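I opened this entry to keep track of what I looked up. My notes follow the model below.

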Amino acid sequence: MKKWILPALVAGGLLCSCSTLPPPTTVGSVDLARYCGTWHEIEAFPNVFQRGCQGSTATYTALPDGKIRVVNSCVRNGKTVSVTGTATPVPGSNNSRLKVRFFGPFAGDYWILDLDKNYRWVAVGHPNRQYLWILARTPNLDSATLARIRTRLAAQGYDISRLVASAEAPDREAL
(Lines give C-alpha, C1' and ligand atoms only; values in the text may rest on other atoms or scores of the structure.)
Protein backbone atom coordinates (compact mmCIF):
# COMPACT_ATOMS: atom_id res chain seq x y z
CA MET A 1 0.00 0.00 0.00
CA LYS A 2 2.82 2.43 0.85
CA LYS A 3 4.34 2.18 -2.64
CA TRP A 4 1.35 4.19 -3.98
CA ILE A 5 1.67 7.11 -1.55
CA LEU A 6 4.41 9.02 -3.41
CA PRO A 7 2.89 8.55 -6.91
CA ALA A 8 -0.50 9.64 -5.57
CA LEU A 9 1.00 12.79 -4.06
CA VAL A 10 2.83 13.62 -7.29
CA ALA A 11 -0.29 13.06 -9.38
CA GLY A 12 -2.33 15.14 -6.96
CA GLY A 13 0.15 17.97 -7.34
CA LEU A 14 -0.11 17.73 -11.13
CA LEU A 15 -3.89 17.84 -11.03
CA CYS A 16 -4.23 20.63 -8.46
CA SER A 17 -4.50 24.12 -9.85
CA CYS A 18 -3.67 26.28 -6.86
CA SER A 19 -2.68 29.53 -8.57
CA THR A 20 -4.66 32.76 -8.32
CA LEU A 21 -3.15 33.95 -11.62
CA PRO A 22 -5.12 33.43 -14.81
CA PRO A 23 -4.05 30.30 -16.68
CA PRO A 24 -0.98 30.71 -18.88
CA THR A 25 -1.42 31.00 -22.63
CA THR A 26 -0.47 28.10 -24.85
CA VAL A 27 0.75 28.30 -28.44
CA GLY A 28 -1.90 28.57 -31.16
CA SER A 29 -1.43 25.08 -32.55
CA VAL A 30 1.02 22.18 -32.61
CA ASP A 31 1.74 19.84 -35.50
CA LEU A 32 2.12 16.61 -33.56
CA ALA A 33 3.93 14.89 -36.43
CA ARG A 34 6.64 17.57 -36.24
CA TYR A 35 6.58 17.53 -32.43
CA CYS A 36 7.30 13.80 -32.27
CA GLY A 37 10.88 12.71 -31.80
CA THR A 38 13.41 13.19 -29.04
CA TRP A 39 13.76 16.33 -26.92
CA HIS A 40 16.60 17.04 -24.48
CA GLU A 41 15.93 18.78 -21.18
CA ILE A 42 17.78 22.11 -21.03
CA GLU A 43 16.30 23.57 -17.84
CA ALA A 44 13.47 22.59 -15.53
CA PHE A 45 11.88 23.25 -12.19
CA PRO A 46 13.21 20.61 -9.78
CA ASN A 47 10.69 17.85 -9.13
CA VAL A 48 10.64 14.66 -7.11
CA PHE A 49 10.20 12.28 -10.03
CA GLN A 50 13.42 13.47 -11.72
CA ARG A 51 15.59 13.60 -8.61
CA GLY A 52 19.11 12.35 -9.35
CA CYS A 53 18.60 12.36 -13.13
CA GLN A 54 21.22 13.35 -15.67
CA GLY A 55 20.74 13.72 -19.40
CA SER A 56 16.95 13.71 -19.27
CA THR A 57 15.17 13.20 -22.59
CA ALA A 58 11.57 12.86 -23.69
CA THR A 59 10.74 10.88 -26.81
CA TYR A 60 7.30 11.22 -28.39
CA THR A 61 5.91 8.73 -30.92
CA ALA A 62 2.57 9.01 -32.73
CA LEU A 63 0.18 6.13 -32.13
CA PRO A 64 -2.50 4.97 -34.61
CA ASP A 65 -5.33 6.14 -32.31
CA GLY A 66 -4.15 9.78 -32.37
CA LYS A 67 -2.45 9.56 -28.98
CA ILE A 68 1.27 9.98 -28.39
CA ARG A 69 3.56 7.50 -26.63
CA VAL A 70 5.82 9.35 -24.18
CA VAL A 71 9.10 7.84 -22.99
CA ASN A 72 10.98 9.91 -20.42
CA SER A 73 14.54 8.70 -19.83
CA CYS A 74 17.57 9.73 -17.83
CA VAL A 75 20.72 8.34 -16.28
CA ARG A 76 20.38 7.76 -12.52
CA ASN A 77 23.11 6.14 -10.44
CA GLY A 78 24.95 5.12 -13.58
CA LYS A 79 21.98 3.35 -15.17
CA THR A 80 19.53 4.47 -17.83
CA VAL A 81 16.00 4.51 -16.44
CA SER A 82 12.79 5.33 -18.23
CA VAL A 83 9.07 5.59 -17.75
CA THR A 84 6.49 5.22 -20.51
CA GLY A 85 3.17 6.98 -20.70
CA THR A 86 0.53 8.23 -23.10
CA ALA A 87 -0.38 11.78 -24.08
CA THR A 88 -3.85 12.63 -25.34
CA PRO A 89 -4.56 15.96 -27.07
CA VAL A 90 -7.23 18.03 -25.29
CA PRO A 91 -10.14 18.62 -27.70
CA GLY A 92 -10.32 22.22 -28.92
CA SER A 93 -6.72 23.04 -27.99
CA ASN A 94 -5.22 22.55 -31.48
CA ASN A 95 -2.84 20.05 -29.81
CA SER A 96 -1.25 22.72 -27.58
CA ARG A 97 -2.66 21.08 -24.45
CA LEU A 98 -2.21 17.42 -23.66
CA LYS A 99 -3.20 15.11 -20.83
CA VAL A 100 -0.30 12.81 -19.96
CA ARG A 101 -0.79 9.56 -18.07
CA PHE A 102 2.10 7.49 -16.73
CA PHE A 103 0.28 5.23 -14.29
CA GLY A 104 -3.19 4.40 -13.06
CA PRO A 105 -6.06 6.81 -13.46
CA PHE A 106 -3.95 9.94 -12.91
CA ALA A 107 -3.33 12.29 -15.85
CA GLY A 108 -1.39 15.54 -15.68
CA ASP A 109 -1.69 18.68 -17.74
CA TYR A 110 1.07 19.22 -20.30
CA TRP A 111 0.74 22.68 -21.83
CA ILE A 112 2.94 23.81 -24.70
CA LEU A 113 3.67 27.41 -23.73
CA ASP A 114 6.29 28.44 -26.28
CA LEU A 115 7.48 26.65 -29.40
CA ASP A 116 10.08 27.48 -32.01
CA LYS A 117 8.55 27.79 -35.49
CA ASN A 118 11.04 25.15 -36.68
CA TYR A 119 10.39 22.89 -33.68
CA ARG A 120 13.99 23.25 -32.40
CA TRP A 121 12.97 24.09 -28.81
CA VAL A 122 9.85 24.14 -26.66
CA ALA A 123 8.72 25.32 -23.22
CA VAL A 124 6.22 23.04 -21.50
CA GLY A 125 4.49 23.63 -18.21
CA HIS A 126 1.53 23.01 -15.99
CA PRO A 127 -1.20 25.63 -15.60
CA ASN A 128 -0.61 25.79 -11.82
CA ARG A 129 2.96 26.94 -12.65
CA GLN A 130 4.56 24.33 -10.35
CA TYR A 131 6.13 22.39 -13.23
CA LEU A 132 8.16 23.77 -16.14
CA TRP A 133 10.60 22.34 -18.67
CA ILE A 134 12.59 23.91 -21.48
CA LEU A 135 13.48 21.27 -24.04
CA ALA A 136 15.47 21.29 -27.28
CA ARG A 137 16.24 18.89 -30.09
CA THR A 138 19.91 19.05 -29.11
CA PRO A 139 21.48 18.77 -25.63
CA ASN A 140 22.39 22.49 -25.66
CA LEU A 141 20.62 25.74 -26.45
CA ASP A 142 22.34 29.05 -27.09
CA SER A 143 22.14 31.55 -24.22
CA ALA A 144 20.39 34.29 -26.24
CA THR A 145 17.54 31.96 -27.23
CA LEU A 146 17.28 30.64 -23.69
CA ALA A 147 17.10 34.20 -22.31
CA ARG A 148 14.23 35.07 -24.71
CA ILE A 149 12.31 31.93 -23.71
CA ARG A 150 12.81 32.69 -20.01
CA THR A 151 11.56 36.27 -20.50
CA ARG A 152 8.34 35.06 -22.16
CA LEU A 153 7.80 32.46 -19.42
CA ALA A 154 8.27 35.09 -16.70
CA ALA A 155 5.67 37.25 -18.46
CA GLN A 156 3.26 34.31 -18.11
CA GLY A 157 3.79 34.19 -14.35
CA TYR A 158 6.36 31.40 -14.09
CA ASP A 159 9.03 31.96 -11.43
CA ILE A 160 12.04 31.51 -13.68
CA SER A 161 14.39 31.82 -10.71
CA ARG A 162 13.38 28.21 -9.96
CA LEU A 163 14.75 26.94 -13.28
CA VAL A 164 17.79 24.72 -12.90
CA ALA A 165 20.10 23.78 -15.76
CA SER A 166 19.84 20.10 -16.49
CA ALA A 167 22.81 17.91 -15.78
CA GLU A 168 24.25 16.38 -18.90
CA ALA A 169 24.38 12.63 -19.13
CA PRO A 170 27.66 11.00 -18.25
CA ASP A 171 29.46 9.37 -21.15
CA ARG A 172 27.24 6.38 -21.96
CA GLU A 173 30.27 4.55 -23.35
CA ALA A 174 31.77 4.60 -19.86
CA LEU A 175 28.73 2.97 -18.30
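How many aromatic pairs does the count come to? I took rings of Phe, Tyr and Trp (its six-membered ring) as paired if their centres lie within 6.5 Å, with planes under 30 degrees apart counted as stacked, over 60 as edge-to-face and the rest as tilted. By this rule I get six aromatic pairs.

I looked up one of them, F49 with Y131. This pair is stacked, at 5.9 Å centre to centre and 25° between the planes. F49 sits in the loop between β1 (37–44) and β2 (54–62), and Y131 in the loop between β7 (121–125) and β8 (132–136), so the pair ties together parts that are 82 residues apart in sequence. Here strands (E, at least two residues) and helices (H or I, at least four) are DSSP runs, numbered from the N terminus.

Ground rules for these notes: the model is predicted, local features need pLDDT of at least 70, side-chain atom pairs count only at pLDDT 80 or more, and totals for chains, interfaces and linings use all residues. Residues are numbered from 1 along each chain as its sequence is written, and side-chain values use heavy atoms, with hydrogens and water left out.

**Burial.** I call a residue buried under 20% relative accessible area, exposed over 50% and partly exposed in between (1.4 Å probe, protein chains only). F49 is partly exposed at 36%. Y131 is buried at 13%. Buried residues make up 39% of the 175 residues in the protein.

**Overall layout.** I find three helices and nine strands. Along the sequence the pattern reads α-α-β-β-β-β-β-β-β-β-α-β.

**Other rings.** Ring pairs link Y35, W39, Y60 and Y110 into a cluster. I then checked for charges over rings (NZ of Lys or CZ of Arg within 6 Å of the ring centre and within 35 degrees of the ring normal). R137 lies over the face of W39, at 3.8 Å from the ring centre. The charged end of R97 sits over the ring of W111, 3.7 Å from its centre.

**Strand β8.** Is β8 enclosed or open? Five of its five residues are buried, so β8 is largely enclosed by the rest of the structure. L132, I134 and A136 point one way, W133 and L135 the other. In a regular strand the side chains alternate between the two faces of the sheet. Next I looked up pairing, which needs at least two DSSP bridges between two strands. β8 pairs with β1 in the antiparallel sense over four bridges; there E43 has I134 as its bridge partner. β8 also pairs with β7, antiparallel, over five bridges. W121 stands opposite A136. The β7–β8 hairpin has six residues between the strands, and R129 in it takes a positive phi near 65°.

Most residues other than glycine have a negative phi. N94 has a positive phi near 55°, and N95 one of about 70°. Both lie in this loop. N94 is partly exposed at 49%, and N95 is partly exposed at 25%.

Where is S96? I find S96 in the loop between β4 (79–89) and β5 (97–103). S96 is buried, at 2%. Its side chain reaches the backbone oxygen of V27 at 3.3 Å. Leaving aside neighbours within four places in sequence, S96 is in contact (heavy atoms within 4.5 Å) with T26, V27, V30, Y110, W111 and I112.

Notes:
A polar contact is a pair of N or O atoms within 3.5 Å; within protein, one must be able to donate a hydrogen and the other to accept it, and residues adjacent in sequence count only if both atoms are side-chain atoms.
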